[in-house]
Amino acid sequence: QVQLVESGGGLVQPGGSLRLSCAASGSIFSINRMGWYRQAPGKQRELVADITSLGIRNYEDSVKGRFTISRDNAKNTVSLQMNSLKPEDTAVYYCNAGVQSSLYRAFRDYWGQGTQVTVSS
């Protein structure tokens with residue numbers, strides 16, 4: 001089994017910053033892609049940013065230039081630095097990872113439990 005544990009959410013004023021972190025643990029042989037999704041009330045879950053094991057990054061258009069995703073392959077962690085936060089960034093943020101539990105097994109998606117980010121004055 002694989003667990004993803006997130007931390008770092010909270011309440012911040014518009015223009016402020018937060019850093020989300022996610023640590024993967026358990027039966028891990030390899031992780032290909034790690035990413036962050038978010039889901040606002042009444043909306044579908046959407047990709048915010050992801051990063052491959054080689055460090056190739058992808059961002060949703062509305063967060064480009066404000067958010068930065070990074071990962072530590074040795075520690076199986078991924079982080080999301082969020083700057084210049086806006087009220088529309090308010091959502092539950094979920095960590096996601098594609099994990100291979102052993103050499104001959106397929107990659108499988110795992111999710112964290114979610115962490116609330118609220119941007120409000």
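A disulfide, meaning a pair of cysteine sulfur atoms within 2.5 Å, joins Cys 22 to Cys 95 with an S to S distance of 2.1 Å, and the structure holds 1 disulfide. This is a predicted model, in which local features need pLDDT of at least 70 and side-chain atom pairs count only at pLDDT 80 or more, while totals for chains, interfaces and linings use all residues. Residues are numbered from 1 along each chain as its sequence is written, and side-chain values use heavy atoms, with hydrogens and water left out.

**The disulfide**
- The link of Cys 22 and Cys 95 is left-handed, with -80° about the S-S bond.
- Cys 22 lies in strand 3 and Cys 95 in strand 9, so the pair ties together parts 73 residues apart in sequence; strands (E, at least two residues) are DSSP runs numbered from the N terminus.
- Cys 22 counts as buried at 2% relative accessibility, and Cys 95 is buried at 0%, where buried means under 20% relative accessible area (1.4 Å probe, protein chains only).

**Strand 9 and its partners**
- Of the 10 residues in strand 9, 9 are buried.
- Strand 4 and strand 9 run antiparallel and are joined by 8 bridges (pairing requires at least two DSSP bridges), with Trp 36 opposite Cys 95.
- Strand 9 is also joined to strand 10 (residues 108-111) by 4 antiparallel bridges, where Asn 96 stands opposite Trp 111.

Conventions
Buried < 20%, exposed > 50% of the residue type's maximum accessible area, 1.4 Å probe, protein only.
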